[in-house]
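Could you read the following points alongside the structure? They are set out as a colleague's notes, one topic to a paragraph.

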Amino acid sequence: MMKIQCGECGRSFDVDGEHSLIDKGLYLTPRMWGYYGGFTDNNPWEEVRDREEINLCHDCCLRLMRAFPSIARAMGEGGHHPCSTDEPCCEFAWRCGEAPDGKDINVEIAALDKESNKIKWVPLNG
Ligand SMILES: [Zn+2]
Ligand SMILES: [Zn+2]
């Protein structure tokens with residue numbers, strides 16, 4: 001078991017499995033940070049390329065997505081690793097299970113229930 005530190009809050013997370021990245025996190029590589037004429041135009045490319053990747057934990061991803069809804073929209077609804085909990089961990093969660101007939105996969109995404117003001121599971125195509 002190895003640990004990866006969130007590049008924003010600094011908390012460490014146990015990681016294992018095929019990718020060794022933080023569950024429900026985000027992995028950002030220097031390659032996606034800029035372009036000629038862009039925000040990071042003056043950074044020497046060799047230096048940018050050699051910077052460390054940034055891993056963000058679930059909670060820091062929430063801060064990013066809530067601060068910049070355009071990024072959240074680009075990532076898509078119900079985008080992150082499936083939840084196995086009765087209540088969604090956040091508004092970006094999804095889960096799947098067996099449909100009542102036992103055949104089809106029943107995908108549910110998290111959505112805000114305006115009546116209770118809580119996040120609940122709703123069928124993806126419902
Ligand atoms: Zn974090
Ligand atoms: Zn979540």
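**Notes on the model**

1. In the hairpin of E6 and E7, where four residues lie between the strands, Asn117 adopts a positive phi near 60°. The two strands, E6 (105-113) and E7 (residues 118-123), pair in the antiparallel sense over six bridges, pairing being taken as at least two bridges found by DSSP between two strands. Within this pairing, Ala111 has Lys120 of E7 as its bridge partner.

2. As to the basis of these notes, this is a predicted model, in which local features need pLDDT of at least 70 and side-chain atom pairs count only at pLDDT 80 or more, while totals for chains, interfaces and linings use all residues. Residues are numbered from 1 along each chain as its sequence is written, and chains are lettered from A and ligands numbered from 1 in the order in which they are written.

3. The chain contains three helices and seven strands, and along the sequence they follow the pattern β-β-β-α-β-α-α-β-β-β. Helices (H or I, at least four residues) and strands (E, at least two) are DSSP runs numbered from the N terminus.

4. Of the 126 residues in the chain, 17% are buried, a residue being buried if 20 or more other C-beta atoms lie within 10 Å of its own, exposed if 12 or fewer, and partly exposed in between, with C-beta atoms placed from the backbone. Among contacts between residues at least 6 apart in sequence, 35% join residues at least 24 apart, where a contact requires C-beta atoms, placed from the backbone, to lie within 7 Å.

5. The largest nonpolar core has 14 residues, of which Cys6, Leu56, Cys57, Cys60, Cys61 and Ala110 touch the most other members; such a core is a set of buried Ala, Val, Leu, Ile, Met, Phe, Trp, Tyr and Cys residues joined through C-beta atoms within 7 Å. Helix H2 (58-67) and strand E6 each supply at least two residues of this core, and H2 gives the most, with three residues. The core draws at least three residues from each of domain 1 (1-75) and domain 2 (77-126), bounds that come from an automatic or database domain assignment.

6. Leaving aside its neighbours within four places in sequence, Leu56 is in contact with Cys6, Gly7, Glu8, Gly25, Leu26, Cys61 and Leu64.

7. Met65 lies in helix H2 and is buried, because 21 other C-beta atoms lie within 10 Å. Leaving aside neighbours within four places in sequence, Met65 is in contact with Ile71, Ala72 and Phe92. Met65 and Met75, ten residues apart in sequence, are 9.1 Å apart in space, C-alpha to C-alpha.

How values were computed
Contact = placed C-beta atoms within 7 Å.
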